[in-house]
Amino acid sequence: SIVYLNGDYVRLGDAKISVLDRGFIFGDGIYDVVPAYEGKPFRMNGHLARLERSLAAIDIKVDLKRADWERIVHDLIGRSGLGDCMVYIQVTRGVAKRDHAFPKGVAPTIFCMVSPFVRPGAQVREQGMSVVSMTDMRWLRCEIKSVSLLGNVLAKQHAVDNGVDEVIQFRDGYMSEGSSCNIWMVKDGVLLAPPRSNLILEGIRYGLLEELAEAAGIPFNARPISQQEVDQADELMLSSATKELLPITTYNGKPVGSGKPGPVYAKLREGYDRAIA
Ligand code: PDD
């Protein structure tokens, strides 16, 4: 497949970067993942705005303007010939002699690739996901979509080791997010999520679900959610570019609510399907 590397389109096997790249040495970079349906990027503006926020947060400057990013995304999708696909965008601080401080006069490394998007199927949509709780051991700048993903990698492996699909992380007794998704809770008909803060990555689906809840007449409240409340949830669900919106039906080995996808999930899912159609 064809990827984008520092201004050129090259075959994946020909795309090479230095071992001194700071992404490799320090995890010093950021990324984003833009989903596309039938070749059409979904909520690209939101993703590119977040990419720009991540770059600004770690003080990496790129010459590319919004329209340049859009062109790369469209070019890669077009060249791939794929319908449903994911565009991965990564920017690192570039190649320099190993020194923790920012190097001067170094160009960032810009890499983009596209891969097939295997959408969650009917089975998982109808039966839901299983999750276990764990302590959030990540740093305090989770709002940056950093390629330093060791905490997230260990969290996802914790799920695998426990034979479940995902985790729900808690910091100081309050829900933060999954290993690579946002978590939503329903209690007494109210949709709840942790507020936007440095403790979670604000998913592009966060704003989308706010809109879908409002359109469906579902009250939404962004506030800290305690571990005790999650134990008593009527519904739990998760969202991400790759998982879209999925119900969580097993939590720490016990059924969530009825053990089946709930009515609030069903309404939001209807809205999601309409939004991507
Ligand atoms: N992950 N929280 C974390 C820690 C994430 O990594 C992601 C996305 C989200 C959801 O964000 P969005 O709705 O914009 O996908 C929340 C992507 C898909 C990934 O790392 O592959």
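How many bridges join strand E1 to strand E6, and in which sense do the two strands run? Two bridges join them, and the strands run antiparallel. Keep in mind as you look around that this is a predicted model. The chain averages a pLDDT of 98, and 100% of the residues score at least 70. For the complex, the predictor gives an ipTM of 0.99 and a pTM of 0.98.

**Strands side by side**

- Strand E1 covers residues 2-5, while strand E6 covers residues 109-116.
- To see the two strands facing each other, find leucine 5, which stands opposite phenylalanine 111 in E6.
- E6 also pairs with E5, in the antiparallel sense, over eight bridges.
- For an example on E6, look at threonine 109, the bridge partner of threonine 92.

- Contact between the domains involves 19 residues of domain 1 and eleven residues of domain 2.
- On the side of domain 1 that touches domain 2, strand E3 (29-37), helix H2 (44-57) and strand E5 (85-92) each supply at least two residues.
- E3 gives the largest share of that side of domain 1, with seven residues.
- Sorted by class, the side of domain 1 that touches domain 2 holds nine nonpolar, seven polar and three charged residues.

**Around the ligand**

- Which residues are the closest to the ligand? They are Leu201, Gly203, Ile204, Arg205 and Ala241, out of 14 residues that surround the ligand.
- Helix H6 (204-216) and strand E13 (235-240) each bring at least two residues to this shell.
- The shell around the ligand is made up of five nonpolar, seven polar and two charged residues.

**A helix you can check yourself**

- Helix H5 runs over residues 150-161, which makes twelve residues.
- Just after H5 comes glycine 163, which takes a positive phi of about 70 degrees.

Conventions
Residues numbered from 1 in each chain as written. Predicted model: local features only at pLDDT ≥ 70, side-chain atom pairs only at ≥ 80, totals over all residues. Near = placed C-beta within 6 Å. Helix = DSSP H or I, 4+ residues; strand = E, 2+ residues; numbered from the N terminus. Nonpolar A, V, L, I, M, F, W, Y, C, P; charged D, E, K, R; others polar. Contact = placed C-beta atoms within 7 Å. Expected span 1.5 Å × (residues − 1). pLDDT = per-residue confidence, 0-100. Pairing = 2+ DSSP bridges.
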